[in-house]
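Thanks for coming. I will go through one structure, part by part, and give the cut-offs as the terms come up.

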There are 2 protein chains.
Amino acid sequence: MTLKFVGSESPLPIQGVRLASAAAGIRHPGRDDLALVELSRTTESAAVFTQNRFCAAPVIVARENVANAQPRLLIFNAGNANAGTGAKGVVDARTITAEIARLTHCTQSEVLPFSTGVIGQRLECSEIIPVLPELVAGLSCDGWQAAARAMMTTDTVPKYCSIEVKIEDLTYRVTGMVKGSGMIHPNMATMLAFIACNADISRTHLQQILVECVARSFNRITVDGDTSTNDACVLSATKATSNGTPLTPHHSHWPAVVEAIGTIFETLAKSIVRDGEGATKFVEVVVDSGSESDSLAIATAIAQSPLVKTALFASDPNWGRILAAIGRAPVAGMEITDVSIWLNDYQIIVKGEPVDDYKEPIAAAVMAQTDIVVRVLLGEGGAVARIWTCDLSYEYVRINAEYRA
Amino acid sequence: MTLKFVGSESPLPIQGVRLASAAAGIRHPGRDDLALVELSRTTESAAVFTQNRFCAAPVIVARENVANAQPRLLIFNAGNANAGTGAKGVVDARTITAEIARLTHCTQSEVLPFSTGVIGQRLECSEIIPVLPELVAGLSCDGWQAAARAMMTTDTVPKYCSIEVKIEDLTYRVTGMVKGSGMIHPNMATMLAFIACNADISRTHLQQILVECVARSFNRITVDGDTSTNDACVLSATKATSNGTPLTPHHSHWPAVVEAIGTIFETLAKSIVRDGEGATKFVEVVVDSGSESDSLAIATAIAQSPLVKTALFASDPNWGRILAAIGRAPVAGMEITDVSIWLNDYQIIVKGEPVDDYKEPIAAAVMAQTDIVVRVLLGEGGAVARIWTCDLSYEYVRINAEYRA
């Protein structure tokens, strides 16, 4: 088995997936703000959506459609979230999907809409509809990079990656793209992700892989702790590569392919954090306690603490803030004397107190790096959870306070 | 019945309570950083402490002592939280209380210690012990203002208030002081509060009043959503004023006195938010839904959202962020079409969408005020909850990133 990971280079095309992008004037004049994805007839797809009780119109329509058909076309727009737009917003989303269905000879249920951008403004169908024929005509297997760019809102870079795994005579490929600059920024951005592979996987198995991968990637990142009205993630399998037997957990290729898909999810999730609003540092919080749910609760409390995040911004090895965050995590029976903490490889806390030869300049030097691992061991450990986050900077306040100025 | 509220003027003395302050060099040279409170022999007291699992040494000692005796002396220090200091920190706290007990001829259990300030450094008993005789000698019923000032860390103003209620021939008084500049700032500040009244109330009833008042005051404010290692709140009743019958829920004076105590708690809590780190605005979030717990969950989600808080800072009537925060509150069966929102008296959202004649300049003018009420009605309403918060500004990041620079 050989494995090749593609990060910032051109994403690898996936046979059965064609993409196009175009400018409809929703976001900024002259910049692409629409992306269309076409999936071959053999493709099966799975999808997950935001847990926010107030979901946007495209989420309502996409949920309905994916329940009724295999998706053939995905339409993404940036600049307008079509959220808080009530019944009219649902009509707008359906108007666009209906027109795409007409142009591509599909049923309306085979078209899924995704929107990201400002909340509470109607999506101008009259601007989008005329651009759709150009989009359909422009579909190309090399369209990934442009499509990833068209999805951007406050994102500073397009985010995509690919992986290729060769097993026996088969070459499996996974390529994904994502937009998002935080867990939620409901007036400017939300998370949208599309990942495709060429493997032969059924919809049922894809849904299972998707849920597990999302739990360990997009659900493990936090920029500001909110959750969005528009989040959506689609995983597709085009079945272009197969040895005649669909991949199931019993297939010998299953572990490698599932791991490759997981790698793409994790890489895309981390790329969101690196591009987090105002982020100057990428931070991995790793907690090892007696149970994975406890570890996750502690990691989340640390990663979401504004005081820990401002300390990270300031390169301040402020372990009191980390201890206090751990202490408020909803974990029973925790004692401060059970807690040890490392910044990267430098241990700062042993059993709740600074190590005997603690040198603040060393800890401060670690904190000054742009990639930091905060590692917590509770008791004997035994179950690890990871969360990725970024620091809280002036720039976060500026972006979110002045974005309309 | 007549009622007089004293805000920024001098706090009213409480018969049976004497206070003193002094400088021990813990915080800044030459500034008072120690406050001592002496309670008369008739005084009964109740106390509540932080819910953080990692509580500071003084909290451990105060909890122990208050379980064993009626407090006679409370010693507060600013500049050092005596937290994350392990067994040595407990010894330090006990060393100080033992010395105060010796000087005042009390038992050690009758002395409660309270600390606030930097985490993880030993409290220098050798600096504090020599100052204690001066503190004891300086006790005065007029010492409230100086004591409130001595408790300050990042607080920009001393915070205290009084209320006086005359019923028949009795004059009930309640005076309180508090320090805190946010829910938690474990390296710089934490919340400490002391409230005394001259009424005749048993410890059992005081504890009941305290728990209810804290639930509706200090537990209803958020600056940054964290909880502290050092939070403590003591409510004392000196019994100097009585018509011979202790106040119980059956006493005709009970409602007025309990309401007066509640007013002091609420006023002190709001004063913390107004003095919140970097705060430029005071924000009341009022939610009216079918149940008080739902209302509280929704109000908390709004008040803790960094996106709502940056919008408040920017005077941006960004209702999409408010809707998204409501949508992620853990409340079952909520529909966006149930939601109406007002900024002060200006309604912006009706049933999940902007009101028909919504004028953003009017909403922006409301948001530009320094006191803002965000009011949410869910469905028919029926149970109200209130949370007080402030905006998230550059100054919050600066204070918490650069405090040691």
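To begin, which residues are buried in helix 9 of chain B? They are B:Pro306, B:Leu307, B:Val308, B:Lys309, B:Thr310, B:Ala311 and B:Leu312. Buried here means under 20% relative accessible area, exposed means over 50%, and partly exposed lies in between, with a 1.4 Å probe and protein chains only. Helices are DSSP runs of H or I with at least four residues, strands are runs of E with at least two, and both are numbered from the N terminus. Helix 9 of chain B covers residues 306-313, and seven of its eight residues are buried, so the helix is largely enclosed by the rest of the structure. Just after this helix, B:Ser315 takes a positive phi of about 55°.

Some ground rules. This is a predicted model, in which local features need pLDDT of at least 70 and side-chain atom pairs count only at pLDDT 80 or more, while totals for chains, interfaces and linings use all residues. Residues are numbered from 1 along each chain as its sequence is written, chains are lettered from A and ligands numbered from 1 in the order in which they are written, and side-chain values use heavy atoms, with hydrogens and water left out.

Now to chain A and its helix 1, residues 57-68. This helix has 12 residues and reaches 17 Å from its first C-alpha to its last, close to the 16 Å expected at 1.5 Å a residue. The expected span is 1.5 Å times one less than the number of residues. Buried in helix 1 of chain A are A:Ala57, A:Pro58, A:Val59, A:Val61, A:Ala62, A:Asn65 and A:Val66. What do these buried residues pack against? Their partners in chain A are strand 4 (44-49), helix 2 (86-104), strand 6 (111-118) and helix 6 (203-215).

Helix 2 of chain A is also the place of A:Ile96. This isoleucine is buried, with a relative accessible area of 5%. Leaving aside neighbours within four places in sequence, A:Ile96 is in contact with A:Ile75, A:Leu123, A:Cys125, A:Ile128, A:Ile129 and A:Leu132. Contact means heavy atoms within 4.5 Å. By C-alpha atoms, A:Ile96 is separated by 19 Å from A:Ala67, which lies 29 residues away along the chain.

Next, the domains. Chain A is divided into domain 1 (2-274) and domain 2 (282-402), with bounds that come from an automatic or database domain assignment. Taken over C-alpha atoms, the centres of these two domains of chain A are 33 Å apart. How many residues are in contact between them? In chain A, 14 residues of domain 1 are in contact with 16 residues of domain 2. The area buried between the two is about 1400 Å², and carbon and sulfur atoms give 58% of that. Buried area is the accessible area (1.4 Å probe) that two parts lose on being put together, summed over both.

Three salt bridges are counted between domain 1 and domain 2 of chain A. A salt bridge is a side-chain nitrogen of Lys or Arg within 4 Å of a carboxyl oxygen of Asp or Glu. A:Arg216 forms a salt bridge with A:Glu292, with the closest N and O atoms 3.2 Å apart. On the side of domain 1 of chain A that touches domain 2, strand 10 (221-222) and helix 7 (254-274) are the elements that give two or more residues. Helix 7 of chain A gives the largest share of that side, four residues.

Over all chains, a search of the whole structure finds 30 salt bridges. One of them joins A:Lys159 and A:Asp155, with the closest N and O atoms 2.7 Å apart. A:Lys159 counts as buried at 4% relative accessibility, and A:Asp155 is buried at 5%.

In chain B, B:Asp155 forms a salt bridge with B:Lys179, at 3.6 Å between the closest N and O atoms. The two lie 24 residues apart, B:Asp155 in the loop between helix 5 (144-150) and strand 7 (159-167), and B:Lys179 in strand 8 (residues 170-179) of chain B. Are these two residues buried or exposed? B:Asp155 counts as buried at 4% relative accessibility, and B:Lys179 counts as buried at 0%.

The last pair is B:Arg216 and B:Glu292, a salt bridge with the closest N and O atoms 3.2 Å apart. Here B:Arg216 counts as partly exposed at 48% relative accessibility, and B:Glu292 is partly exposed at 32%.
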